[in-house]
Amino acid sequence: MNVPRTAAAYAEEAVVVLDGVTRRFEAGNPALDSVSLQVLPGESVAVLGPSGSGKSTLLNLVAGLDRPTAGQVVVAGRRVDRLGEAQSARFRRAEIGLVFQFFHLLDELTVLENTALPARLAGMARGTAVERAQTLLDRLGVGRHARAYPTRLSGGERQRVAVARALVNRPALLLADEPTGALDTASGEDVKALLQELHQEEGQTIIMVTHDASLARSYASRLIRLVDGRIASDVPVLPAAPADPGAPSGAFR
Amino acid sequence: MSPLGQVVRAGISRRRIAAVVTCLSAMVATAAAVAATALMIVSSQPFEHAFASQQGADLTASFDGAKATPALISATAHASGVSSSAGPFAQITLDGQAQWQGAEFGLPVLNVVGRPDPGGPVDDVTVIAGHWVTGPGQIVLSTNQADGLSPGATVQFSDAPGDPTLTVVGIAQSVTNTADAWVTPTEATALQPTGSSPEYQMLYRFTQAGTDAQILAGQAVVTGMLPPGSLVGSTDYLAAQLQASGSTGPFVPFIVAFGVLGLATAMLIIINVVSGAVGSALHKIGVLKALGGTPAQVVRAYAMIALLPSAIGVVLGVVLGNVIASPMLHNAEIAYNTGSLNVTGWTDVAVPAAALAVVALCAVVPALRAGRMPANAALAVGRAPRPGRGRFARRFLAGLPIPQQVGLGLGTPLTRPARFLSIALALAFGAMTLTFAIGLVSSLNGVNTGIHQAQQLGDVNVLLNAPAGSVSSGGGQVHIKIGPSTSPVTPAGAAAVESAVTQQSGTAGYIGESQQQIGVLGKASSVQALLYQGAATSPYQIISGHWYTGPGQVLVPTRFLQSTGTSVGDSITLVNSAGTHVSVTIVGEVLLLQDSGMDVIADAPTFPGTEPTRLFVSLKPGTDEASYVQSLGNGLDPLGAAAFGNPQRGTNQTILAMDSLAFVLTLLVVGVAGLGVFNTVMLEVRDRTRELGIYKAVGMTPRQTVAMVMSAVVALGIVAGAVGVPAGMALHDYVIPIMGHAAGTNLPAADVQVFNLVEEILLVLAGAALAVLAASAPAGWAARLRTATALRTE
């Protein structure tokens, strides 16, 4: 049961705090305009909106890939808008996992090498990183492709690898930018089920950008709608009717 | 503008940095090629080229003015077989003493000619520095005599009436060595020593002058028109040619080696830059084809994108090439002792034409490949390298216990083998050139030291039979009048001088030297014997064998062995002027080029009764040379001897010219290689922008990004160094002895084997350092890439 909280209580516990964030590019209207929001640990937030509404910009700002023109961005208690490039990279690999629409796997590395990469960059010993990556790949159902190159995999499999890579450093926050946007329907469902289970079973905090409202509603615990760079609505999603307890899990099959 | 033109314009303007780098690389590569070609051309028969351009004299004749009037001599210009002539010019032979920057130099006897201007139908003298004489009190020295002297120096002629001092206003060069110095005709008359008969110089070119006989025939016709005995001396161009080939020969292999390296590097860089520019446009080519561009249109558009900036670079490169070739050719002028050398016209046409042809080929071949490729394939290939290339090697690298970013960087060259191979080769050429240049300079300096060290023995020299007028002086200045000694040194005289030197406070020791003309029975009628007293170790660099251990053993230069058909270990019989026969054994071969290499070095007692004519005195540490010379000089003056500080006239001009040529050529080749690395890394960063974005998105720090980019080129630089350094050493070891042979000598091992292990390692690392230097800017760009922007890159 959700108990109403004060803004201060949110800010204290929140994994993500955006306070009056504006991002203006060279010309035209701001991509984000005075956006404020908080995300609590364990929340699964879907950010919805039409093309150009500022969804990806918001995600980039939270990930520290971009900097706001005005306002503050706090993630896991740190002002990411104030971090330098190197600090931002270190922070990202420790606290944030990123999943992209087009996977952004490195074609020259194997699935296992792709997955272990953030851990290796963080200085983890090769053996430990590879072991952790292999465990994750096995859990996400693509362990048998560990030695293959990403180009050999289907879209859904590639996105599973991308999720495994995002989780390898056990981040506080998983950011997914249209993770199903480049997938066929079945693969898309598969990936969404994976994200839902990560949230429900692992308590992983997730912010997912998508433009598919009905799908977002079925997997997220909270929906934020952006229109022209502003938050048009921010509502919780009521829990769906419990599924058949005897049915097998879709993600960790 | 046509759609094609739009694509080309957009392709260039959207990638300004790439276009500028392409243009810059083509420019530097072409400049290097122009300079290298120009140098190689002038290195081919430099004497013949200079002879043709200066209208060198086939015959230089000197006539006695007392027997033949200038009018009569002038008339010989119309002799049968004479195609052109110059003169008669008044000519005097004078004993000169030069002064330059506070130091005085004794000059050999100078042949001074009065000429109103340097030009003319024969012997069109080239003024290398300063200007031609314009009035009285001025003199122009020939390059042969100007070693170490520049305009502004003065020359005093004590033989001439009034002891005049003339100011050197220019340095000039005559390919056929018609004079040692030039003055105005009026000055020449004024310099004529009182009571001597005037002499005139006449310069001839004949219709037939290919052989000695033809020149002699021409000379006979000329002299036949004059009273008997008028001709007092003559030289022909064949002698000058022979002399020139001996002195310029050493330069040819070294300049050709540099030229070939420069050309090869330039070619590699052009191939790398242009094909890289087209190759990275493959994805856009796919887009253009998908939009309906025909293969021909695509080929034209993308070939033009590479061709336009390259063509501009090539044209600018010709200009730059001429600019940088100018000082290099000036050094070659000094080295070859030829007149003004220029980049030939056809070089300025042929080199850019060849460069453009290479550029066109490099642009068209990948463009044709792209043209043939189906649109979807071109789109799929994109700019990123094909996955899976060098898979096993990269997996091996990834497994090494090294940071991930370094492992990733090391694997990069394997994904684009062609691009990185050309860069590795360019770096290898750079390392090879650097190694060769360093070795060359070490060898040249070693040889230069070796050649001169015997003359620069000790701290103070004592002449036992100093010519009248000599003054003892210290501080590196020489006040020794050059000329025949007044009288032979007697045993008593020598003993007195040696005693004075021994008793002088500050003397650590001395070596005595005596020179005399001797014969080698059945081998040579006249060679110079250099007889040493008290020389326990060799003042010369020994090529083979050992220093003498007592009388009856001699050392000789290479040319002596070649001329007499002897070798180390052979016995020969020497005959001195008194007719004494001494049988000696050749125990060593030394580096010595004076006296045409016809010397015999021996212990003085080999010829009993030999007294030293010169002492090389070593001083005790802390002894003031100037006061020592002054004090010793006071004691020596009554004995007819003089002391002076060891003359140090600095490094030979030709060695300096070679050193600076080596420096400039190395800089050029290394610069071109560096530019190639810069271009490659820039292309890599641009082509891998999205990939770099991914790395950064998953947490790669800027420093790790730099490490990744750098480790690729550092590895390449080390590999290139590991290949280039031994290759440069091999080239050095091959070329240096050839240069020595061209100069008529073998070389001591110490001057050939100049590299040591530390140097070799440093040189290998220099390849990596060059790569790091060249890659630092693009690696910095990679580190500063904005992640979000990079991820959006197609």
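The secondary structure of chain A comes to 8 helices and 10 strands, where helices (H or I, at least four residues) and strands (E, at least two) are DSSP runs numbered from the N terminus. This is a predicted model, in which local features need pLDDT of at least 70 and side-chain atom pairs count only at pLDDT 80 or more, while totals for chains, interfaces and linings use all residues. Residues are numbered from 1 along each chain as its sequence is written, and chains are lettered from A and ligands numbered from 1 in the order in which they are written.

Confidence in chain A can be read from pLDDT, the predictor's confidence in each residue, from 0 to 100. The mean for chain A is 83, and 89% of its residues reach 70 or more. Over residues 1-7 of chain A the pLDDT is below 50, and this stretch has 2 contacts in the model beyond near neighbours in sequence; two residues are in contact if their C-beta atoms, placed from the backbone, lie within 7 Å. Residues 242-253 of chain A also stay under 50, and here the model has 11 contacts beyond four places in sequence.

Of the 253 residues of chain A, 50% count as buried. A residue is buried if 20 or more other C-beta atoms lie within 10 Å of its own, exposed if 12 or fewer, and partly exposed in between, with C-beta atoms placed from the backbone. Among contacts in chain A between residues at least 6 apart in sequence, 68% join residues at least 24 apart.

Most residues other than glycine have a negative phi. S34(A), in strand β2 (residues 32-39), has a positive phi, near 50 degrees. D228(A), in the loop between β9 (222-227) and β10 (230-236) of chain A, has a phi near 50 degrees, again positive. S34(A) is partly exposed because 15 other C-beta atoms lie within 10 Å, and D228(A) counts as partly exposed with 15 C-beta neighbours inside 10 Å.

Where the chains meet, 23 residues of chain A are in contact with 21 residues of chain B. On the side of chain A, the elements giving two or more residues are α3 (85-95) and α4 (111-121), and α3(A) gives the most, with 6 residues. By class, this side has 10 nonpolar, 3 polar and 10 charged residues; Ala, Val, Leu, Ile, Met, Phe, Trp, Tyr, Cys and Pro count as nonpolar, Asp, Glu, Lys and Arg as charged, and the others, Gly among them, as polar.

The largest nonpolar core has 256 residues, of which I207(A), A32(B), I270(B), L427(B) and V462(B) touch the most other members. Such a core is a set of buried Ala, Val, Leu, Ile, Met, Phe, Trp, Tyr and Cys residues joined through C-beta atoms within 7 Å. Leaving out residues up to four places away in sequence, I270(B) touches A26(B), A29(B), A355(B), V358(B), V359(B) and C362(B). Apart from this core lies another, of 54 residues, including F51(B) and L94(B).

In chain B, A179(B) lies in the loop between β7 (165-173) and β8 (181-183). A179(B) counts as buried because it has 26 C-beta neighbours inside 10 Å. The C-alpha atoms of A179(B) and T60(B), 119 residues apart along the chain, are separated by 9.6 Å.
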